[in-house]
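My plan is to begin with one residue and then step back to the whole chain.

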Amino acid sequence: FLMERKTRVKINRKEIMVAKLRKSCSCTPQKLKNFLMDFFPVLRWLPKYRCREYIWGDIMSGLVIGIILVPQAIAYSLLAGLKPIYSLYTSFFANIIYFLMGTSRHVSVGIFSLISLMVGQVVDRELLLAGFDLNDDAPPASGDGSLQNDNLSNTTAFNLTIAGINAECGKECYAIGIATALTFMAGVYQVLMGIFRLGFVSMYLSESVLDGFATGASLTILTAQVKYLIGIKIPRSQGHGMLVITWINIFRNISQANLCDVITSAICIVVLVTAKEIGDRYKHKLKFPLPTELVIIVVATLVSHYGKLNEVYASSVSGAIPTGFIPPKVPEFNLMLRVALDALPLAIVSFVFTVSLSEMFAKKYAYTIRANQEMFAVGFCNIIPSFFHSFATSAALAKTLVKTSTGCQTQISGVISAMVVLLVLLFLAPLFYSLQKCVLACIIIVSLRGALRKFRDVPARYYVNKVDTLVWVVTMSASALVSTEIGLLVGIVFSMLCIIVRTQRPRTALLGQIQDTSFYEDDLEYENLSTVPKVKIFRFEAPLYYANRNYFLKSLYRLTNLDPNLEAAQRKKYEKKEKQHLKKGNHKTANGLGIGETTLQLVPKQIDFQALVVDCSSISFLDTTGVNTLKEILKDYKNLNISVLLACCNPSVIDSLKRGGYFGKDFGCMQEMLFYSVHNAVLFAKDQK
């Protein structure tokens, strides 16, 4: 039977577009109110805030995250190649802006190790191009961090035009200028992606690509911190192969290791890892996680200050951290042009991590987020802080897990965390002057445990899916051995190539009938399947398009053991020889047989089927080449008196076949060529003479 298709109502797309434009361009008080409430979700949920139910959980989680944020912000400034004060600014502004614009109740947005690394790589590259020395122990700037008040003792002074005045800029202000320009451009990209609804870009970053990228970047982060752990002074490597070059320099200079830094690092790592393991083991009994990082920083600062580790043992310290806020400044337009390309992968990675975490926790706690609004939120978390000497931000998994485990209910906790950071910014920052850099490196390295543990999951990942494991290995290797940006690009391209290859060479099978049923399965995969006499059932498990056309035909000919073109050519060859013999009056054929016996010899081998059923259940679409391929096999097998029947075609495939003329002009033979199940096609083939 032939099912009747529904008649589609023609849609006037022009009228729909005009109606949408009128609706979007109209301005009414209610629409303006809805726009503001959508753009600032805090206006929707804050009036409904259940103070008695939520407040204590938000305060507790906010305090804990604030306590964790301070040491992490100071530590991650090493990754970004910037002074600690800028990391504190970033943590403060990101929490406030996401509180106003974010739709997730739980994610912690702020400074993130991978984003800090990507910012630091761009900053280091531009500093080198400008002629600055990347030595971390160069004399610190004595000014307030503005462009006009920077110490020029660190080699080159770079000229920038500010409000029409040519001003000289030293290393520190040029570094933060690059970082703010990069952050501004990343935010602009994210807002534009939100306006044009380009969130689908994140779909091309699979879980394997993201995990591989995070693990490869973690290896790069770990490598960059080793010199601080052992207190050696080596140049900060730049460009491709940074990981290998850095390790070569480390081993060349290992004899210069600072014994004080080595001992401090060993003690800090043992304490931090032990505390983390205890926290993980007894987390169900602890009401909030142990503030180990804060305790380590406080104790290490006191020991360094009173033990005079910098003066006596030449241990590298953080240096002066000013209090208060530096006056806001517009990011330099000329610098934006230099880093515009670098900002694109930064924008995508920042958005993907934020949205994926938001969706994960929204699903866990049964509420919804708006991915497009998240794009705007993280975009403005980059644009606005860039005017206040901050750099790029993203949601971070570790802090978000801590936030939820300590009772977080809403983004009020983010405001509490911002207040803790503000307290440090206004009053406590100078107290960290004597904090050793090796302690900060220990905090960074221990925070990478989660990403580095992915290596333990490789066997399980390989067991589940070998292709995904290969994507993970390639992305991780490229991110670590080449660069993070190249690694991300390689991961995306390689994962797409894997998909293309899997559709180019998909599984193919001849099907047999499950005994006493109307179902059919792969004859090579299952036992006790019965073959259908005079019928071959072929299944192709992929879309049929230009890239896999040849593989489709080769697989069909190989499994059916019949190439219709070759068979037709051989028949023509025999017929031609027979005609030549008959013209000569020879009653014997070319094979030395009588004319009556010729019929058996025209075909070199016996064809054991009279119908070919193509199971199209796995063919999701056909392009023009795919339609022509099916028309070709229909014609070729028809010349051998073999009928071709299609089964289980979806409506899209049927429409493509109709438009391609597969069923003829009037579709008269359609019900004899198309069937809604394999079994119906087999029954029809059996009834044929």
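Predicted model: local features only at pLDDT ≥ 70, side-chain atom pairs only at ≥ 80, totals over all residues.

**One serine and its surroundings**

I started with the contacts of S218, leaving out residues up to four places away in sequence, and found that S218 touches L114, L448, A451 and L452.

Next I looked up where S218 sits, and the residue belongs to helix α8, which covers residues 207-230. Is S218 buried or exposed? Its relative accessibility is 2%, and the cut-off for buried is under 20%, so I put S218 down as buried.

**Stepping back to the chain**

I then turned to secondary structure and noted 28 helices and 11 strands in the chain. The radius of gyration came next: it is 34 Å, while the globule rule gives 26 Å for 689 residues, so the chain is more spread out than a compact globule. For the box filled by the C-alpha atoms, I wrote down roughly 115 × 70 × 60 Å along the principal axes.

I also checked contacts with a separation of 6 or more, and 79% of them join residues 24 or more positions apart.

Of the 689 residues, 49% are buried. The accessible surface of the chain is about 35000 Å², and carbon and sulfur atoms hold 62% of that area.

Technical notes: Residues numbered from 1 in each chain as written. Heavy atoms only, no water. Helix = DSSP H or I, 4+ residues; strand = E, 2+ residues; numbered from the N terminus. Rg over C-alpha atoms; globule rule 2.2 N^0.38 Å. Buried < 20%, exposed > 50% of the residue type's maximum accessible area, 1.4 Å probe, protein only. Contact = heavy atoms within 4.5 Å. Areas by Shrake-Rupley, 256 points an atom, 1.4 Å probe, with all protein chains shown as cover.
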